[in-house]
Amino acid sequence: MLIVSPLKLSRSRRFPREIGPLHSRKSFSRTLEPSFLQYITNHLHPSFTTRTIIRLSMAKPKKRIINLSDIFFTLFLLQCQLLHVFAILDPVDFLALQAIRKSLEDMPGSNFFASWDFTSDPCNFAGVYCEGDKVIALNLGDPRAGSPGLTGHLDAAIGKLSSLAELSIVPGRIIGQLPQSLSQLKNLRFLAISRNFISGGIPETLGEVRGLKTLDLSYNQFTGNIPRSIGTLPELANVILCHNKLSGSVPPFLSQTLTRLDLKHNDLSGSLAPDALPPTMQYLSLSWNRLTGPVDRLLNRLDQLNYLDLSMNQFNGNIPSRVFSYPITNLQLQRNSFTGPVQPSDQVTITTVDLSYNRLSGEISPMLSSVQNLYLNNNRFMGQVPGSFVDRLLAASIQILYLQHNYLTGMQINPTSEIPLSSSLCLQYNCMVPPIQTPCPLKAGKQKTRPTAQCTEWRG
């Protein structure tokens, strides 16, 4: 069987490593498909063809005196000839690429597979990257924005690309399940197959790919649980499984390099253990699920967060004050069942804080007056609105201040004051007559004040 290293001289300047013997013309043609034979013939120098190799390998050795200078000169000429020739891809990888090509098609308007001519060097195909005689990266589909993508299904032969470190597929209409054979890709580091129509469960065997760093299966139709084996992967840095139909609980993630976890828009339930996530987390989005239980002990450990979205769940308990000192730019905790007071220990520098539609109580902390977009509506806050809010609102430092549907009893603002056009204030449905008339969102309703019976301190 002919074995010629498929080093692409356009990407590497090393020579092919070895040319193995051909046992017979018959075994050679039986082992390799016609397209691969054509590929070999096309990419060898005319003076060094397959027929020449076969003839050389089948020749009987004769005893004669060997001139070393002749040998070195012959090898030199051979290397010079091969400098202008592409070497041959590993036959296993070659056949795997053929199977992948047969299972996928360009959608109308896409020409991604136009370069996939198997009589030429596969390492020059669009989206195929090689090192030595192996495929190390496969990026399927035109990555340009708006590209129609691919259709078809993923063939199990993809698991034969034993040196593959990166696999990505652009948005398209690929259907079917994720091949179990992906677990054979022991060198895989990056797996991104988002915005297609892949269904079924996420293979438990993905936990065998121990070097995996990024897993992005977002915007598909996956069902079932998140395999616990994925949580045990030691080098995970990014897990993006949002916008699927996953159910069950969130497994603990043991990787101490995990920085991003995005599970929003699924059907996950249950609670999160205090040590379910490592302190390396920087981006955490669990919104639009059915998760329950307290998260204060968990959040107290995640002091490197710069984005936190737990909205649209059923979390309860207190919001820890430490969260407001984290380097977060967007804090989304709305539409849960959080209770108790909100007491930041220092001025909050988070740009957007949304705590609406919870069961938070107590007085509004003046430490929140430095937030540009603050949503405290639909809670149980009471007492006076701190004067620092008025000052910053009139100075246009606050863009959105929604305080409607609480139990607030006053706000010291001159009724003739003009709210800057860039700012929005809503005070209706509290235990006071709004001191200033401002437009409110339609969801706030038409009632200006709460019924007197609901207010313990206010009597009209």
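A residue counts as buried when its relative accessible area is under 20%. By that criterion Cys455, with a relative accessible area of 3%, is buried in this predicted model. Cys431 has a value of 2% and is buried as well. These two cysteines are joined to each other by a disulfide, with an S to S distance of 2.0 Å. The link of Cys431 and Cys455 is left-handed, at -85 degrees about the S-S bond. Both cysteines sit in the segment after E27, and the pair links distant parts of the chain, 24 residues apart.

The whole structure holds 3 disulfides. Another of them connects Cys426 and Cys440, whose sulfur atoms are 2.1 Å apart. Here the angle about the S-S bond is 110 degrees, and the link is right-handed. Cys426 belongs to strand E27 (residues 424-426) while Cys440 follows in the segment after E27, so this bond ties together parts that are 14 residues apart in sequence.

The link of Cys123 and Cys130 is left-handed, with -95 degrees about the S-S bond. Cys123 is buried at 0% relative accessibility, and Cys130 is buried with a relative accessible area of 13%. When the bonded cysteines of the protein are numbered in sequence order, the pairing reads 1-2, 3-5, 4-6. Cys242 is also buried, at 2% relative accessibility.

Turning to the overall architecture, the protein has 8 helices and 27 strands. An open sheet is formed by 10 strands, arranged in the order E8-E10-E12-E14-E16-E18-E20-E22-E24-E26 with parallel pairing. The edges are taken by strand E8 (199-200) and strand E26 (407-411); each has a single partner strand, so one side of each is left without a neighbour in the sheet. Within the sheet, strand E14 (residues 267-270) and strand E16 (residues 290-294) pair over 2 bridges in the parallel sense. Gly270 has Leu291 in E16 as its bridge partner.

Across the 460 residues of the protein, buried residues make up 50%. The accessible surface comes to about 21,900 Å², and carbon and sulfur atoms account for 54% of that area. Of the contacts between residues at least 6 apart in sequence, 45% join residues at least 24 apart.

The charged end of Arg195 sits over the ring of Tyr219, at 3.8 Å from its centre. Likewise, the ring of Tyr407 has the charged end of Arg450 over it, 3.9 Å from the ring centre.

Definitions and conventions: Residues numbered from 1 in each chain as written. Predicted model: local features only at pLDDT ≥ 70, side-chain atom pairs only at ≥ 80, totals over all residues. Heavy atoms only, no water. Pairing = 2+ DSSP bridges. Helix = DSSP H or I, 4+ residues; strand = E, 2+ residues; numbered from the N terminus. Buried < 20%, exposed > 50% of the residue type's maximum accessible area, 1.4 Å probe, protein only. Contact = heavy atoms within 4.5 Å. Areas by Shrake-Rupley, 256 points an atom, 1.4 Å probe, with all protein chains shown as cover. Lys NZ or Arg CZ within 6 Å of the ring centre and 35° of its normal. Disulfide = S-S within 2.5 Å.
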